[in-house]
Every structure is written in structure tokens, then in C-alpha cells.
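Let us work through this two-chain model by question and answer. Have the sequence and coordinates open.

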Amino acid sequence: MIRAEGLGKKFGDRWAVRDLTLNVERGEVFGFLGPNGAGKTTTVRMLSGMIAPTTGRAWIGGVELAGAPDDVRTRVGLLTEAPGLYERMTAAANLDFHGKLHGLPTAKRRERVRACLELLGLWERRDDAVSGFSKGLKQRLAIARAVLHEPVAVFLDEPTSGLDPEAARDVRAFIRKLRDDGRAIFLCTHNLDEARRLCDQVAIFRGTVHARSTPRELERTAITRRLAIRVAHDPARYAEVLHALPMVSSAVVTDEELVVVVNDVERETPEIVRALVAAGADIQRVAALDSALEQAYLGILGEPAGPSVPIKRGELASLDATRDGRS
Amino acid sequence: MIGRLVAVALKELDDVRQSRLILTTLVVPTLLYILMSVLALWVGALPGQAGLGLDAIERAMPQQANASAAGAFQSLLVDQVLVLYLLAPLFIPLTIASYSIIGEKQVRTLEPLLATPIRTWELLVAKALAALIPGVLVSWVSYASFLVLALIHGSFEILRFAVGPVWLVSFGILSPLFALLAVGLAVIASARTSDPRAAQQLGAIVILPISGLLTAQVFGLIRLDVSHSLLMSAAAGICDVALLWAAVRLFDRETILTRWR
């Protein structure tokens, strides 16, 4: 549905995107993960027929981008980073205007405007000016606009950025629905948790694709180092127990939890749990503190993959069992 | 394709309708023009005014040679006033046109707009028309008001003069086509610079020679007749088409999307 071969874009002497090859099928969510300035938006603009690539070829729904960008734009729905809605117009008028630009006949346009507004829970607000909408409502309306003309491919640029948890949850639910409807979804994000929850495939991208796989596969390549353990009573006592274990670099108590730093959470957890149980601990919860996908992402992009939140001595509730010569 | 053009033009006109500031710039000139009409008709009818320089009037306006002295004098005044009405479509649309592309970029609506199948020429023509229409309406409403006032005043000679072919061609064809030149230039500027002030200044360039032409008419240096008006309309029309072609060529989506901040 979305296919690119050797796609590249050069601005002046600088390559913003280089040698991008990908394929997104119907009913698939493709996560495009990368830091700010990685070239994600440039990629979306190329694939949606808004700017011409410098090299390579791309197809949307079987139509080649080169020579038919107008045709490609009829097959693509785009959610830009900012909602970009006409604030003085009502929600329904915004959609109706874009329906006209996509050439939808009047009856079909009315039907689609209603369907999209209902689907995104905006039907009751259809006659309200957009200027009075919250950020979450605007984002929902922008998503409705992106899918109004029933595109085969939907590009979503940071769809949950800046939204409150409830609004973000609604947006994610809608993305799943789009996927279930058989659309190919290209999701640009740097929210790794979101990518893990939504995407069938992810690519880690900075100028070019550094890694591509399913989120699960990428997580397997990552080594997480921090473990949070909640015990029923006296966590400080068990920090000393952990301190005695050779695989433990550090064990501290913070917010009534033991935070343990090891070399590999997946490998070391069983032995740590066994040691705590043997010492009489009632374990209530064990969880990796760092997202495996985040560790994979940082590792692949060459960023330091250590604890993302440094543990400060002043914040400790109990002893710091950091060993000499080990970090 | 016309549907997209009409949709954008109507949306733009709705924006104009909802902006009190822009509406003020439309209503105030219209009221001033109507006031000028009243003054022209009133001053022209004052006793003793009609005899002043009648020979000169006859030389300047041979078509009024058979009119009464008062009628000829009023016609001269009207001649000056109506020329000013023709200027309205030149300067009124400039603010709207110069903001047309930059404005969309500033409120971040341009990218979703360019993500639709709208073609560049459709977008630019729609923006130009939406900028042009309010100014032309001011001009036409002022002209129509003048005709009604002349009728009420009982100045039938003036009325005959004002609905003559020169003025009909000038208001109906020449003035909108001239205005389209200014608007076209402002839209090009709006698509090439990220500063609306610069766009407005560039658009104003085209006003200077045209207003010079009309001022020459006011001072009696030249006289517009039907053939002149039609000839100038044809030239303006050709220039408008050339300007639209240039505007489409100069509209660089990539630069607008990637470089403007």
C-alpha cells in the first residue's frame, strides 16, 4: 500500500533523508521512530506527494508518486504535526471544506462528515467554532479530516503529542480502528510506548533507517538494566540482601520500592527474586523500569543506554549499596 | 476542479466577512465615495457654478457639448469622482491578497491545504478572486449608489453621462482587470516572501502606474474613451494571464513548506 525504494531528499548540500526503502501493507501500522530533526516529516511530505524526492521511487496504493502527485494526494490522508484547522469555522464546516477539496459529491460529503464526526465523538460539537475546542478535540477533528475521503494510506505525524492521557487513549483507539478497516498507517512518533502498543512494524530512523523489525523483536535486542521490586515490609532490609548478590551493581530504596541496577534484567531477575524470597520477602511486584524498546532505540541510535533517570543520593530513603569499582 | 476553486474562494470570502477590520476597510471607502457623490451632485447644482469655464469643459468633454451649462459642469465633477471609484479595486484587495498565502502558513493551515489534491493554479486563482471581489464590490456599490443618487436628485443629464459606454466598460471590465494585476502581484509576493508587509509593498508597485493613468484623467491630461478602455482592458487581461502563469511557476511548495518559519 505504501512502498518506497531508495527514497532520498537533499536540501542544498545536506541529505535530510537517504536511501529509504520500506513497504507498509493494508491493515498495518508502521511506526517511524526517530528524534527531532531526523527527517520524519520530510519523509511524510515526500510520501504524501507534497514535495518531490531527490532520489528513489515511491508508490501509494499502486500509483507512482513521480508524475502523479495530485493523484497520490487523493489516496493519502495526512495528520500534520499541528492540527492546522480553520479556527473561525465550525467543526463540520472544516470537514466539509476539505471534502470539497477532495472532490467528494455533496451527498457523499454530508455522509462522510457525519460518519467521521460521530466516529470521533464530535457530532454534538459539529456546529461549534473550532476556536473553542481543547487541544484534544482539535486533534480528533484533524484526524477526522485526514480520513474524511477514505484514503488507502494514512500518515500521522505525532498524533498524541501534547494530549492528555484520556485524549491520547482515544486517538490510539481510533488508530487501531483505522488499521482494522484495512488502511495502511504510517505513524511518526518519538513516543516509544505508543509505538510498542500500536505498531506492527517499526523503523528506527535518523536520516536513514537504522533498524527495522517488529517492536517485540527490537525489544529482544535490548538489554534493560533497572528493576523495581515492591516488597510488603522493610525494603531497606532487603536492599542489603541484594547488595550481597554478585550481579547487582546497585540497590537503593526509593518511593518504598527497591530499585536494582543489574547488567541484564531479563537474565538476572529470576535469581534476584529467588534470593529475596529466601530472605523472607513478600514480593508484591517486579517490573523492568526502562522500556526495552527505549533501550533498543537508544542503543541503535548510539545514545547512552544507561538509567534514564539518574538516582540521586539525596532522594534515597535508605542505604545506597553501590559497590566499589562498579557502576 | 472548479469546485475546489470555488470552495477556496468562498472560504476566503467568509474569512473577510468575519473580520471586522477588513470589513471596516470596505465599508468606510464605500461611505466616503457615496458622500463624494452627494457633494458632486450638490456642488454641481449650486447657482453660479455652472458658467465657470464652460468653454474649457466643452473642450475636455465634447460629448457634453449639447448639455446645459449646469449639466456640463456636473458631468465634469462626476468625471473626476467616478475615476476615484475605479481606484477602489486597486488598493482595497492588497491587504487581503498579500496575506493570502503567508496567512495560511502563519496559522499552520497551509500544509493540510496543500496535502489535498488542489492544484497550484486553482489555489492561486481562488485566492486572487477572493481578494479581488470585495474591492470590485466597493467600486460597483459606490457607482450604483451614485446612479441612484443622481436619479433621486433628478440629474438626468448626469445619469445619461454616467451610464455611458466609457464608464460601463471601465467599471465592468477595465477596473477589475487592472485590480487583478495588483492582486496577482501581491499573491505572487505572498507566495515568495514570508513577510506580509513585503508582499503588500510589492503588490503596491503595480498601483502606481495605473493610479498615475487615472490621475492624468482627473487633471484632463488624457481622456478615457470606449476604444481606449477596451484596448487597455485587453492589455490588462493579457498581463493577468501572464501573471497567473508566472505565479504558478513561482509557487514553490517545497520552499514554502520547508523553509518558512
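**Sheet, helix and interface**

Tutor: A:Phe30 stands opposite A:Gln201 in strand 9 of chain A. The model is predicted: local features need pLDDT of at least 70, side-chain atom pairs count only at pLDDT 80 or more, and totals for chains, interfaces and linings use all residues. Residues are numbered from 1 along each chain as its sequence is written, while chains are lettered from A and ligands numbered from 1 in the order in which they are written.

Student: How many bridges join strand 3 to strand 9 of chain A?

Tutor: Strands are DSSP runs of E, at least two residues, and helices are runs of H or I, at least four, numbered from the N terminus. Two strands pair if DSSP finds at least two bridges between them. Strand 3 and strand 9 of chain A run parallel, and the bridges that join them number four.

Student: Which are the edge strands of the sheet in chain A?

Tutor: The open sheet has six strands, in the order 6-7-8-3-9-10, with mixed pairing. An edge strand pairs on one side only; here these are strand 6 (76-79) and strand 10 (208-213) of chain A.

Student: Which helix of chain A gives the largest share of the side that touches chain B?

Tutor: The contact (C-beta atoms, placed from the backbone, within 7 Å) takes 21 residues from chain A and 20 residues from chain B. Helix 2 (69-75) and helix 3 (91-101) of chain A each give two or more residues. The largest share, four residues, comes from helix 3 of chain A.

Definitions and conventions. Two residues are in contact if their C-beta atoms, placed from the backbone, lie within 7 Å.
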